[in-house]
Amino acid sequence: MASVVQTTRFARFPLGHFPTPLEPLDLLTARLRERRRDVPDLWIKRDDCSGLATGGNKTRKLEFLVGDALAQGADTLITQGATQSNHARQTAAAAARAGLACKLLLEQRQVRDEEYENSGNVLLDELLGAEIVDRVPAGTDMSAAMEDVAAKLRAEGRRPYVIPGGGSNPIGALGYVQCALELDTAPVPIDWVVHATGSTGTQAGLVAGLRAVHSPARVLGVSVRQPEARQIDAVHGLAGRTAELIDAEVSRDDVLVDDRWVGEGYGVPTQSMVDAVRLLAETEGILLDPVYSGKGFAGLLGAIEEGRFAATDTVVFVHTGGVAGLFGYRSTFQ
């Protein structure tokens with residue numbers, strides 16, 4: 001348990017309501033068992049209830065990132081994401097809570113309609129006081145673009161702090177080391193943790209944290225953006241750097257990814273995502289989002305159909321939030 005103590009060495013700014021609830025999905029489990037007997041016990045980790053501007057998984061990461069920014073004397077946060085970025089919205093909220101300015105760069109990874117461009121998370125970005133510095137074409141070097149913004153601010157005497165997309169670096173991934181510790185002390189023994197994996201910080205932190213406490217639970221990331229091999233490489237790299245911060249070790253075999261639920265690309269709706277969102281809403285009254293948790297939950301349902309889990313397993317789905325993004329996809333669900 002030494003790794004639990006070691007996370008206190010890092011600066012942390014309180015932003016969320018933790019630990020988040022861990023709830024059984026009894027009605028959904030019963031519905032699925034009407035069709036097959038080997039459905040495992042299903043639970044959900046409610047990181048959509050983390051409490052920062054509609055919540056989400058980035059709140060955990062931002063506690064450590066904003067703590068680091070304040071420790072360095074920063075006065076402005078800079079980050080980037082897709083147009084309907086949950087991370088951008090939570091960073092804007094975190095900046096407001098910490099008394100910092102916030103500059104956002106939004107990448108137009110797909111072209112949809114006016115609602116996608118201006119409602120949902122984009123509306124919240126502006127309400128939270130962030131400045132959308134630019135909307136840039138898909139494929140833009142976002143790291144270089146953020147550095148350009150930072151350089152201009154430094155020239156004005158400002159002290160910017162650049163946060164990578166998704167808050168996914170070793171400091172940010174410490175937030176999901178903390179989540180792993182919450183899961184390790186859950187009232188039920190957990191065999192599997194399933195979630196949507198994109199910028200890799202969530203999965204990297206979970207893997208590093210669970211290995212640090214020698215948990216037998218396996219982590220399955222359902223990719224929402226890139227092929228399995230590339231996602232595994234990216235997660236493993238970040239998990240390794242995160243593990244070094246807490247004196248733990250991870251192997252590539254600890255990283256499991258299923259890339260079959262991406263569809264045509266990041267943020268592009270799929271029928272399996274729509275079906276998953278509707279199913280959880282109708283059985284449990286819980287809303288998923290169309291980009292991350294919807295596809296992640298579709299992957300969980302697919303794994304159940306394939307018999308990947310034993311009937312005696314306990315499987316926890318980590319709800320990474322993003323409900324505001326539904327409003328940018330209204331036509332998809334109508």
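**A walk through the model**

Let's start with K45, which counts as buried at 3% relative accessibility; buried means under 20% relative accessible area, exposed means over 50%, and partly exposed is in between, with a 1.4 Å probe and protein chains only. Before I go on, the housekeeping: this is a predicted model, where local features need pLDDT of at least 70, side-chain atom pairs count only at pLDDT 80 or more, and totals for chains, interfaces and linings use all residues. Residues are numbered from 1 along each chain as its sequence is written, and side-chain values use heavy atoms, with hydrogens and water left out.

Back to K45. You'll find it in strand β2, residues 41-46; helices (H or I, at least four residues) and strands (E, at least two) are DSSP runs numbered from the N terminus. Where does the side chain of K45 reach? It gets to the backbone oxygen of T20, at 2.9 Å. Leaving aside neighbours within four places in sequence, the contacts of K45 include P19, T20, R60, E182 and H319, contact being heavy atoms within 4.5 Å.

P19 has its own story. A cis peptide bond joins F18 to P19, with omega at about 0 degrees, and P19 sits in the loop between α1 (2-6) and β1 (22-24).

T200 has a positive phi, near 90 degrees, in the loop between β7 (192-197) and α9 (201-212). H214 has a positive phi too, near 60 degrees, and lies in the loop between α9 and β8 (218-223). Which of those is buried and which is exposed? T200 is buried, at 7% relative accessible area, while H214 counts as exposed at 70%.

Now the annotated positions. K58 is in helix α3, residues 58-71, and counts as buried at 8% relative accessibility. Setting aside neighbours within four places in sequence, K58 touches H87, Q90, G166 and S199. S85 is in the loop between β3 (76-82) and α4 (86-98), and S85 is buried as well, at 5%.

Strand β3 also holds T76, which is buried with a relative accessible area of 0%. The T76 side chain makes a polar contact with the side chain of D75 at 2.9 Å. That term means a pair of N or O atoms within 3.5 Å; within protein, one must be able to donate a hydrogen and the other to accept it, and residues adjacent in sequence count only if both atoms are side-chain atoms. T76 and A150 are 74 residues apart along the chain, with C-alpha atoms separated by 9.1 Å.

Last up, the helix pair. The axes of α8 (residues 170-184) and α10 (residues 228-245) come within 9 Å and cross at roughly 80 degrees. Axes here are lines fitted to C-alpha atoms, for helices over the stretch in contact, and angles run from 0 to 180 degrees between N-to-C directions. So α8 and α10 are roughly perpendicular to each other, that label covering 65 to 115 degrees, with under 35 roughly parallel, over 145 roughly antiparallel and the rest oblique. Making the contact are P170, I171, A173, L174 and V177 of α8, and L238, R241, T242 and L245 of α10.
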